[in-house]
Every structure is written in structure tokens, then in C-alpha cells.
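Let's walk through this structure one contact at a time. Have the sequence and the coordinates open as you read.

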Amino acid sequence: MDFLLGLDGHTLLLLLVSLGIALSFEFVNGFHDTANAVATVIYTKSLRARTAVVLSGVCNFFGVHLGGIAVAYSIVHLLPVDLLVSVNTNLGLAMVFSLLVSAILWNFGTWYLGLPASSSHTLIGAILGVGLANAVREGLPAGSGVNWHKAMEVGLSLLISPVMGFLLAAGLLLLLQRLLKNAALHSPPVGDAPPPAAMRAALIVSGLGVSLAHGSNDGQKGVGLIMLILIGILPGVYALDVDTPKADVLAVREVAARFTDYFDAHRLEIDKAYQRGALVATAKQGPAPHCDVRGAVPAAEAIQVRLAQADTIAALPENERFAIRTDILCLDDASRQMQDIAPEADRETIGRWREVLRRPTEYAPDWVLLAVSVALGVGTMVGWKRIVVTIGEKIGKTKLSYSQGAAAQVVAMATIGLADGLGLPVSTTHVLSSGVAGAMAAGKSGLQMRTLRSIAMAWIFTLPAAMFLGAGLFFLFAQLA
């Protein structure tokens, strides 16, 4: 990080403040979601609270490092490419600050009220709000303010995962009741006595598994936002991965050449797609380059020309790296649109080319992963008490039993792990609380509708509230920029 020594005071201060806000988001995310990962372990007396929270923090720390970056860039690409390629402007920084501050405010508020609200919903709502506000500010159609293709994919993930949590936890509890005949396993804890050894081990392992999965999924959201900050403030250093192998740089050049040939060969089909409305011309947004399917060939050719200068990213002049990143994002977005209208036989090929194309742009330095993992891990060790009681006592009409806690945790761990593998963000909060509700319902414990209504209302209102917060702050920060 020797480049820090060469920064002027203003840039260095802006960088430190920006990173401080981003890491504060992860810290708040940690203590906001901690109880969801360790509630059943604590409530069933499987571990002492302090031990459970510390172990959960450690698992969150390692989860960030093990999770990859697919979820990080799934979140980032909710924003339209025209806004992403403006990230190195004051407007781009106003966008990032709006996302972070609105997410922190809503997360802190729901934590203070003891509501298991979703950090994922909060951040995604803020992103949608900022995208729509930017479209209004630029006089563009609302539909151009958000990458709705990606938004629908993410929204479906957030909608389906709690339903899966409820149904699968209910089914697993019924299976446990059939297989495990010890009545003590299906009863709430009495006093401070821990559960039987095998059940205790299952609760501890699954609880720590949820923490690991939470770090993997939620930690990536902070990674994505920090990368936007770094690209915006220090584009010459972070616009592209300077450690991209030579073979990958060559592969990007080759793929750009293939895209040039492909778009040239299908020019007639592209014109017809515009005529029938299958492709829509995008309006030019502010000073950003015009990213459009018709602009794909110039972008592809520019990539080839610039990467012909050097066989590694590190060898490229710093003042050219952001331009290459912009061309890659524009070409990728055009290719995504082309993929939607291409013949079925071509779609898989285009998808493979896009993966190769994005390799230098979708990355995170080790120090970013370390910083996010520390912030999330430390945050996880704070503030757990407010939500543990909600999970343990206020969802069902009776207290949570050992088997109900285990069923909910195992399902949450598996669901979040599957989402990580698919590169989709999910809500640890909603997956686990819906799993507890499903286990309570299957165990005929009854459900406290007042609590469920509060959780449901938080689920329903988080998205629009975060959208309004994000949009309002964006208008404010954009005026100050």
C-alpha cells in the first residue's frame, strides 16, 4: 500500500472517511445479525452467551475469506452500468455514501427495536432507491435507473429463501421427531442444564455453520461497496486487478475480438431487435460513456487496442486502467442484452465469454477481505441480547425446544450456503426466523402472531424505507458534490 504515501491530504482524508463508513456498515451488520446466528445456541444453553458470540465472530471472520466475491458483485451490478462507470466522479461517491449511510441508519433502528430485520433487504433497497433517484435527477426513464434483470434475480432469491426456511425446517423437525424418541430432545430447556451431548454438538456445529455462512454471504456485500469506493477514489490503482495472470489478460483480448466478430456478424438481427423493441436504446447519462448494444463493437475494439500495449495489467499506464474497466463493463452489459435475444445455442457461449471478460474487474485485494472480516467479526461480538429473546420466546407460544432450534439452524446453514454457491444474496435474519417459525408450527407449539406480524412488517417495509432513505440521501449528497 505504498501508493498511500503519494496521496494529497484531501484524497487521503476522503479515502479514510469513506472506508470508515463502509466498515461501520459491516460492524453494524455484525451486531445486527449476530443473534440470528447464535440465538438458538444461547437459548438452548448449548454454549454460554459470551463463548457463543466470540465463536460466532471468529466464524464470521473466516466466512468472509471463504465466500469468494460472487455475491459482492451480484449486489454491485444491481446498479446500471452507466452509473457504475461514473463511480470515479463526485456523483459516484455521493452514490456510495448514500447506500452506506441509509443502510446503517435502518439497521441500527431495527436492531434498537429488537426486530429481526434484514441487512440484505436494507442494502438492496438503498441501491434501488439511489438508482431510481439518479434516473430522476438525470431526466431519464425510471426503468433505466436500475439493472432490473439483476434486481429480479436477487429479489426472487430474497423472496424464496424464507419460504424454503419455513417449509424445510418444518419437514426436518417432523423427521427428527420420528427418528429421535427421547422426549427431552423435543422439550424446551430447563434451567441452565445443557441439552444431551449429541444434540448439543448438533446445535453448536449448525450454529457456527450459520455464522460461517453469514460471514460468507453478508461480508461480501461490504466487500463490493468498498471496491466501489476504492475504484472511485483511486481508479488508477483499483480499477483493474493488477495481479491478473498474463494468460487471463490474453484471454480477455481474445474474447473481445470474438465479441467484435459476433456483433458484426449479427448486426442485422440487432437492428431488427431495436425495431421490435426487444432491445431499447439507452439514453446517454451525464459524462459517462454511452453503453449500448450498438456501442459494443467500439468498446470491444478499444479493449483490444489498449491490452495490446502490455501483457499484464500492472504494465498498463495507470491513467488508462479506468478506461479499460469502463469498456469491459459496457461490453459486458451489451453482451448480457445480446444474450437475452440470441439463439439458444449461442447463449451459453456468450455467458462463458462474459465470465472471461470480467476477470480483471471482479476481484478484491486481501486487505479488503481482512478489513471487512475484522469489522464483521468484532461487530458480531456486540449487541446480541436484543434479538435472542425474540427468536427463543416470542415466535412460538411455547419456548424453543432443542430439536426445533437444531432444525432451524441446519436449514439456515444449508440455505445460505447454497445461495453462496449460486452467487445470490439472502437474508440470514429471515431464513433463520422463518425456519424457527416453521419448526414451531410443525411442533404444534403455536405461533405468536404479534411477533410474526412485527417481523413481517419489518420485512415488507425495509425495502421501501431503505429506498426512500437511499434516494433522499442521494439527492442531498449529489447537491453537495
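**Helices and salt bridges**

Helix α5 passes helix α6 in a right-handed crossing (right-handed if the near helix is turned clockwise from the far one by less than a right angle, left-handed if anticlockwise). Helices here are DSSP runs of H or I with at least four residues, numbered from the N terminus. α5 covers residues 90-112 and α6 covers residues 119-137, and their axes come within 9 Å and cross at roughly 145°. Axes are lines fitted to C-alpha atoms over the stretch in contact, and angles run from 0 to 180 degrees between N-to-C directions. On the α5 side, the contact includes Leu-91, Met-95, Leu-99 and Trp-106, while α6 brings in residues including Leu-123, Ile-127, Val-130 and Arg-137. Contact means heavy atoms within 4.5 Å. By class, this contact of α5 with α6 has nine nonpolar, six polar and one charged residues. For those classes, Ala, Val, Leu, Ile, Met, Phe, Trp, Tyr, Cys and Pro count as nonpolar, Asp, Glu, Lys and Arg as charged, and the others, Gly among them, as polar.

A word on where this comes from: the model is predicted, with local features needing pLDDT of at least 70 and side-chain atom pairs counting only at pLDDT 80 or more, while totals for chains, interfaces and linings use all residues. Residues are numbered from 1 along each chain as its sequence is written, and side-chain values use heavy atoms, with hydrogens and water left out.

Now move on to helix α7 (residues 148-179) and helix α18 (residues 428-442), which pack at an angle of about 40° with their axes 7 Å apart. That makes α7 oblique to α18 (under 35 degrees is roughly parallel, over 145 roughly antiparallel, 65 to 115 roughly perpendicular, and the rest oblique). The crossing of these two, α7 and α18, is right-handed. Among the residues that meet there are Gly-165, Phe-166 and Leu-173 in α7 and Val-431, Gly-435 and Ala-439 in α18. The residues of this contact of α7 with α18 divide into 11 nonpolar, seven polar and no charged.

Stay on α7 and find Ser-157, which sits in that helix. Ser-157 is buried, with a relative accessible area of 11%; buried means under 20%, exposed over 50%, and partly exposed in between, using a 1.4 Å probe and protein chains only. What does Ser-157 touch, not counting residues up to four places away in sequence? Leu-424, Pro-425 and Val-426. Ser-157 and Val-426 are 269 residues apart in sequence, yet 6.4 Å apart in space, C-alpha to C-alpha.

On to the charges. Side chains of opposite charge can pair when their charged atoms come close. If a salt bridge is a side-chain nitrogen of Lys or Arg within 4 Å of a carboxyl oxygen of Asp or Glu, the count comes to 13 salt bridges. One of them joins Asp-332 and Arg-354, with the closest N and O atoms 2.8 Å apart. Asp-332 lies in helix α13 (residues 318-341) and Arg-354 in helix α14 (residues 344-357), so the pair ties together parts that are 22 residues apart in sequence. Asp-332 is buried at 7% relative accessibility, and Arg-354 is buried at 14%.

Glu-362 pairs with Arg-358 in a salt bridge, the closest N and O atoms being 3.2 Å apart. Glu-362 is partly exposed at 23%, whereas Arg-358 counts as buried at 19%. Put together, Asp-332, Arg-354, Arg-358 and Glu-362 are linked in a network of salt bridges.
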